[in-house]
Amino acid sequence: MPNTKSAKKSLLTDAKRRMQNQVRKSRVRTSLRRFLELIEQNDAEGAASVLKTCYADLDRAAKCNAVSKNRANRTKSRLTKRLTAIQS
């Protein structure tokens, strides 16, 4: 348990931030799952449209430090490679 007044406040803000980060990470995982399902079905057009939402979700999560910027960029690169492999 927190001993000081500031520690009590930081406990509350940490809980709020943790919940927001969980939401952001969950949104990223959901969009990635949708993209990978379309890739397995060889649906290049659908995957291209879902890829945009993946990019947006990853960028939002990286902006708020829920996911590191390097991880977001690395994931975007890998997803793009998989899409181009299907298109060709």
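Residues are numbered from 1 along each chain as its sequence is written, and side-chain values use heavy atoms, with hydrogens and water left out. Because the model is predicted, local features need pLDDT of at least 70 and side-chain atom pairs count only at pLDDT 80 or more, whereas totals for chains, interfaces and linings use all residues.

View 1. Helices are DSSP runs (H or I, at least four residues) numbered from the N terminus, and H2 covers residues 44-63. Its 20 residues should span 28 Å at 1.5 Å a residue, and the end C-alpha atoms are 28 Å apart, which agrees; the expected span is 1.5 Å times one less than the number of residues. At the start of H2, a side-chain oxygen of aspartate 43 comes to within 3.2 Å of the backbone nitrogen of glycine 46. Just after H2, asparagine 65 takes a positive phi of about 65°.

**View 2. The buried residues of H2 and what covers them.** Gly46, Ala47, Val50, Leu51, Cys54, Asp57, Leu58, Ala61 and Ala62 are the buried residues of H2, where buried means under 20% relative accessible area, exposed over 50% and partly exposed in between (1.4 Å probe, protein chains only). The cover over these residues includes helix H1 (5-40) and helix H3 (69-87).

**View 3. The packing of H2 against H3.** The axes of H2 and H3 come within 10 Å and cross at roughly 175°, the axes being lines fitted to C-alpha atoms over the stretch in contact, with angles from 0 to 180 degrees between N-to-C directions. The two helices are therefore roughly antiparallel to each other, a term for angles over 145 degrees. On the H2 side the contact (heavy atoms within 4.5 Å) is made by residues including Ala44, Leu51, Tyr55 and Asp59, and on the H3 side by residues including Lys69, Thr75, Leu79 and Ile86. The residues of this contact divide into twelve nonpolar, three polar and three charged; Ala, Val, Leu, Ile, Met, Phe, Trp, Tyr, Cys and Pro count as nonpolar, Asp, Glu, Lys and Arg as charged, and the others, Gly among them, as polar.

View 4. Aspartate 57 lies in helix H2 and, at 12% relative accessibility, counts as buried. Not counting residues up to four places away in sequence, aspartate 57 touches Arg27, Val28 and Ser31. Serine 31, in helix H1, is buried with a relative accessible area of 3%, and, leaving aside its neighbours within four places in sequence, serine 31 is in contact with Val50, Thr53, Cys54 and Asp57.

**View 5. Threonine 53 in H2.** Threonine 53 lies in helix H2 and is partly exposed, with a relative accessible area of 40%. Its side chain reaches the backbone oxygen of valine 50 at 2.6 Å. Threonine 53 and valine 28 are 25 residues apart in sequence, and their C-alpha atoms are 8.9 Å apart in space.

**View 6. Two asparagines with positive phi.** Most residues other than glycine have a negative phi. Asparagine 42, in the loop between H1 and H2, has a positive phi near 60° and counts as exposed at 59% relative accessibility. Asparagine 65, in the loop between H2 and H3, has a positive phi near 65° and counts as exposed at 63% relative accessibility.

Key: Polar contact = N/O pair within 3.5 Å; in protein donor to acceptor, adjacent residues only side chain to side chain. Parallel < 35°, antiparallel > 145°, perpendicular 65-115°, else oblique.
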